[in-house]
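Please open the model in your viewer and keep the sequence beside it.

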Amino acid sequence: MEGVPGMNTVPNPNYYDKSIVLDVKPLRSLKPVFPNGNQGPPFVGCPPFGPPSSSTGNSPFSPFGAQPPPDLNQTQDTPPPTFVTPIQSYRPPTVVSNGPSTSSRTRKGVGRPKGAGRPKGTSNSKKKEKTSLDVQVVKRDFDSGISAPEREDGNGDLVSSVLTRFDAVRRRLAQVEHGKAGTSKAAGVLMSNGVRTNMKKRVGTVPGIEVGDIFFSRIEMCLVGLHMQTMAGIDYITSKVGADEEPLATSIVSSGRYDGEAQDPESLIYSGQGGNADKNGQASDQKLERGNLALETSLRKGNGVRVIRGEEDPASKTGKIYIYDGVYTISESWVEKGKNGCNTFKYKLVRVPNQPPAFGVWKGVNKWSDGLTARANLILPDITSGVESKPVSLVNDVDDEKGPSYFTYISTLKHSKQTQPPTIGCSCHGSCAAGNLDCSCVRKNGGDLPYLNGVMLVSRRPMVYECGTTCPCHAICKNKVIQTGLKFRMEVFKTDHRGWGLRSWDPIRAGSFICEYAGEDKLRMEQEDDEFVFDTSRVYNSFKWNYEPVLVDENPSDEVPEEFNLPSPVLISAKSFGNVARFMNHSCSPNVMWQPVFVEGSGESVVRIAFFAIRHIPPMAELTYDYGVSLTSEARDGSLLHGKRKCLCGSVKCRGSFG
């Protein structure tokens, strides 16, 4: 018997009531209910899906389009045996379907960008209350910059752009609504205006998404086509086989909360969907339909299924982080009794070999953090000698080198000059509040606090103004972010070919503060061979990171400029004195950016350089920023921009040199 050790026969039907599992009405017999004129756009209530691709022959997902399960109803009075029963014992040789029926329509009066996919909605009002996205109207004359083909099939740049634009809008909405979650509203805005990609459902890998990428909401995965369901754990397409159609699983999200879900990074025991308690608290057997039937079809056909692992966000008591763990295949399935006494489908998925580690890295880091295992090849447990609130490990997995050249660890800028005249701090007591124009620091920041929840930067600005020691607000004021030290557990590690580097044990969300560039501020370069110099006079690759005002109903003329406004060039050397920032390597496609921050303290006003995450950064991914290139007095190859050092970042956009 499949799935049960020691068994090689199908159980006698006289001892198991198959109708408990398969007494299901065909889905085509369900009557769809269409949204009325008072409901929101079609995407409200469940994730939208793009049109089918003629090249794949796959029809779009429809909640009423799954084929009916086989009619194997039998009535038996004998209670089922206690051993596990395989799903395969219920599966007939062929499954016949009459095809899908339409379950949604486009509402009149709601426009869509040219080429955008036609999203679908749900008619179940109870489900809508749980999953609906905020209704948003398409902005007139808004150009998403994404063509119709690009919305169907993306790439790395498109995926990065969509996620950056989404999170920028989310942060701004949360800022103006004083900390309220802006995830759902931001998703509604972007979807309505065609800011998404990979809308064509597909089996296997998704263009532009790498194994190990992390997401902080299901909606992010929906926007880039990794998993199209905002609530359901199983996503699937309808595959046409001759005159018949059958569902085929494309991806699953393992929440980590179901009994029996393995923590093994190479395999997963996944529980089927359905059978949850109703309004009367009565649970029921799961049924072989929709997502469950799609997984069963994928088991029979042997196609790969994308697996996303959900884990608790260490920075949030209620938040989740989703790790894309690559493609798995389904090796077996069975039915077993759950704690509620009802039948539950179980599927064993095995990871396809030769994929980069993802969930395995996450579990390994958790073991180091919890002290369950020791960090291998550890040289020093804390390179800061207690200067930082969080220890920074020193590790070498590459060779026998015992550490970097000697330097004195300091946690902040060691300044010897005054970059601006001293100013008087604010008069707030407690914590500075957004919109309080009586606060001089809030006024300097345009009436808003520059940070969201005192953790992440909302937008790049010409200058961010933080409260300092002359401000009477308390030490944990939400406008004192870079002064509170490291927020993540870091390690300095030896790279393969670029010396020492820096990475985090923790996942880092886009916009989060990482560290400042600590060192000695200089009036000029005193040593040409100083490779630990940060210089704001260099030329850096430009990029767009802030939100688009029109998407949050703001005047385009009020857009926050991203060009920095420095009273004079900032030059900091970390050769003799420095912190973890001195170990961050250069990349022409960095995941970290710098922002000037003006801090009033100790009678001297100084500009400090703070680093923030450009995008979500998985644990153990190297942290890099753009070193920039220097202006030269002589043109070479028609350009005055030439770096002094050869670039080894390996990016497809590598410009060849830096510094």
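In what order do the four strands of the open sheet stand? The order is β8-β9-β14-β15, and the pairing is mixed. Strands here are DSSP runs of E with at least two residues, numbered from the N terminus, and two of them pair if DSSP finds at least two bridges between them. The model is predicted, so local features need pLDDT of at least 70 and side-chain atom pairs pLDDT 80 or more, whereas totals for chains, interfaces and linings use all residues. Residues are numbered from 1 along each chain as its sequence is written, and side-chain values use heavy atoms, without hydrogens and water.

Now select β9 (residues 392-395) and β14 (residues 490-494), which run parallel and are joined by four bridges. Leucine 394 has valine 492 of β14 as its bridge partner.

Then show arginine 503 and phenylalanine 493. The arginine lies over the face of the ring, at 3.8 Å from the ring centre; a charge counts as over a ring if NZ of Lys or CZ of Arg is within 6 Å of the centre and within 35 degrees of the ring normal. Arginine 582 likewise has its charged end over the ring of phenylalanine 407, 3.9 Å from the centre.

Finally, select tyrosine 517 and phenylalanine 534. Both are buried, that is, under 20% relative accessible area (1.4 Å probe, protein chains only). Tyr517 and Phe534 belong to a cluster linked by ring pairs, whose members include Trp594 and Tyr627; rings of Phe, Tyr and Trp (its six-membered ring) pair if their centres lie within 6.5 Å.

How values were computed: Buried means under 20% relative accessible area, exposed over 50%, partly exposed in between (1.4 Å probe, protein chains only). Rings of Phe, Tyr and Trp (its six-membered ring) pair if their centres lie within 6.5 Å; planes under 30 degrees apart count as stacked, over 60 as edge-to-face and the rest as tilted.
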